[in-house]
Amino acid sequence: MRVAFVASEAFPFAKVGGLADVVGSLPQALKRRGLEPTIFLPWYWGIDGYYVGEAWFNFAGGREKAGIGHAEHEGVRYVLVGLPEFARERPYGYDDDFRRFLKFQMAVAEMLRDFDVVHAHDWQAALLPLLRKLGYFGGRTVYTIHNLAYQGVWGSQDFYAWSGLPGETYYGAGLEHNNAVNLMKCGIVNADRVTTVSPSYAQEIRSPEFGEGLDGVLRAQEWKLRGILNGLDTAYWNPRDDRYLPHHYDSSDLSGKWKVRAELLAEHGLEDRPTLGVVSRFVHQKGIDAILDALPGLMDMGVNLMVLGSGDPYLERSFTWAAQHHRGRVVYVQGFNEPLAHRIYAGCDGFLMPSRFEPCGLAQMIAMRYGTPPIVRAVGGLKDTVQHWETGFLFAHADAGGVLYGVSEFLKHPDRLAVARNGMLRDFSWDGPAQDYIELYSSM
């Protein structure tokens, strides 16, 4: 079975969030089971691929050309779609994101004729199920929602001028929502199957609280909606041979973890206290402000806090201030630092995630794999992966009170070492999810 993955990012070529980890890992697991996956990705500035030709496609009333590159990672083939709009250092955050990802999809649609299944991811590939219905390519389509909060919404006049689709397509094709084009709605309505990245999130997004305005659409399409829990690249995230760790360990011998911990605390000037780690983007979803609100209580509880992340400028300034005023207890490192992230996962005693919503979450799985019990809000994929007092700790509310309750549960557990070892023994590999996707593909 030939499967095309179409996405805006894939590790190790381009990464902003968890989408990149999924698109970088799931195809490898499918290939080990005999499928032929190919990943279509924008050719961002800095990606090392070799040029193989060009493809022509319709856009904005004319013919445009895309350069085509090939790359390979872990035996999986990547097709790099070269457009001038993507010759930049980072994938997202530009005013023309909608236009350039629309152009990416129109170009990719011309290259999908030989695939049995086209698996589109998030709004940046959500138009493809409709294009398949309009005859651009054959096969069947799966659409995966990684985060319902980002929907790809734009004015209809621009959309039709750029895409060249006939105006009558607007009605009955799932494009219209609240007087604008909504690409995520289009993907949900037109795909043969829709998945999201945990069973609990698949239930939650059908409710007004978590549905981001599309809960009614999802209830109408629930017959084809399924939650499949993400896996983890267990070869990359492995404390036994992690290249970023100065000492290695496993569940039978944690001495390497204690060495990483001692060096991490010494390097950053932290006192020898229970230390909680945070590795996160500073966005509303992640509830990082709740940690900030809980900081006085956390200091009274006697824990350290080590935070790595960036995003909201107010939160960045606030954690910078907290680190200056709680020296020896709070450390804040701005930005993203892959080696330091691995050392935080390994060297902290607990890992804090107070998410307001969490489609799946990978950080809590990584923390468990590294013997660092996660302290998480009981929502989405977090409650699907963490068992209270067995592999981690759950709390109900994404506010200071919830954070303090979760940390108090962590501190009063009589055997946190057993919790850590239980988490390390959980199987978060892609083996089970890959089989679920194969069954889904075959069912179509």
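Modeller: A definition is needed first: Ala, Val, Leu, Ile, Met, Phe, Trp, Tyr, Cys and Pro count as nonpolar, Asp, Glu, Lys and Arg as charged, and the others, Gly among them, as polar. The model to which it is applied here is a predicted one.

Biologist: Which residues line the largest cavity, and how do they divide by class?

Modeller: The lining consists of F11, D21, S25, G231, L232, D233, Y236, W237, L362 and W430. By class there are 6 nonpolar, 2 polar and 2 charged residues. G231 belongs to this lining, and it counts as polar because Gly is placed among the others.

Biologist: What makes a space a cavity and not a pocket?

Modeller: A cavity is a set of points where a 1.4 Å probe fits but cannot get out, whereas a pocket is an open set. By this rule there is 1 cavity of 30 Å³ or more, and the largest cavity holds about 70 Å³ of space.

Biologist: How much space lies in the largest pocket, and what lines it?

Modeller: The largest pocket holds about 1,300 Å³. Its lining has 48 residues, with V16, G17, G18, R281 and K286 nearest the centre. Elements that each supply at least two of the lining residues include α1, β13 and α11. The lining comprises 24 nonpolar, 15 polar and 9 charged residues.

Biologist: How much space lies in the second largest pocket, and which helices each supply at least two residues of its lining?

Modeller: About 160 Å³ lies in the second largest pocket, and the helices in question are α8 and α15. Among the lining residues are K257, W258, R261, R416, L417 and A420. The lining divides into 7 nonpolar, 1 polar and 4 charged residues.

Biologist: What is the angle between the axes of α1 and α16, and what is the arrangement of α1 and α16 called?

Modeller: These axes come within 9 Å and cross at roughly 75°. Since 65 to 115 degrees counts as roughly perpendicular, α1 and α16 are therefore roughly perpendicular to each other. L26, A29, L30 and R32 of α1 meet D431, A434, Y437, I438 and Y441 of α16 in this contact. The contact has 7 nonpolar, no polar and 2 charged residues.

Biologist: What kind of peptide bond joins F11 and P12, and where is P12 found?

Modeller: The bond between F11 and P12 is cis, with omega about 10°. P12 is found in the loop between β1 and α1.

Terms used:
Residues are numbered from 1 along each chain as its sequence is written. This is a predicted model: local features need pLDDT of at least 70, side-chain atom pairs count only at pLDDT 80 or more; totals for chains, interfaces and linings use all residues. Side-chain values use heavy atoms; hydrogens and water are left out. On a 1 Å grid over the protein atoms alone, a cavity is a set of points where a 1.4 Å probe fits but cannot get out, and a pocket is an open set with protein on both sides within 12 Å along at least five of seven lines; lining residues have an atom within 4 Å of a point. Grid points are joined across faces, edges and corners, and a volume is the space filled by probe spheres set on the points. Helices (H or I, at least four residues) and strands (E, at least two) are DSSP runs, numbered from the N terminus. Axes are lines fitted to C-alpha atoms, for helices over the stretch in contact, and angles run from 0 to 180 degrees between N-to-C directions. Angles under 35 degrees count as roughly parallel, over 145 as roughly antiparallel, 65 to 115 as roughly perpendicular and the rest as oblique. Contact means heavy atoms within 4.5 Å.
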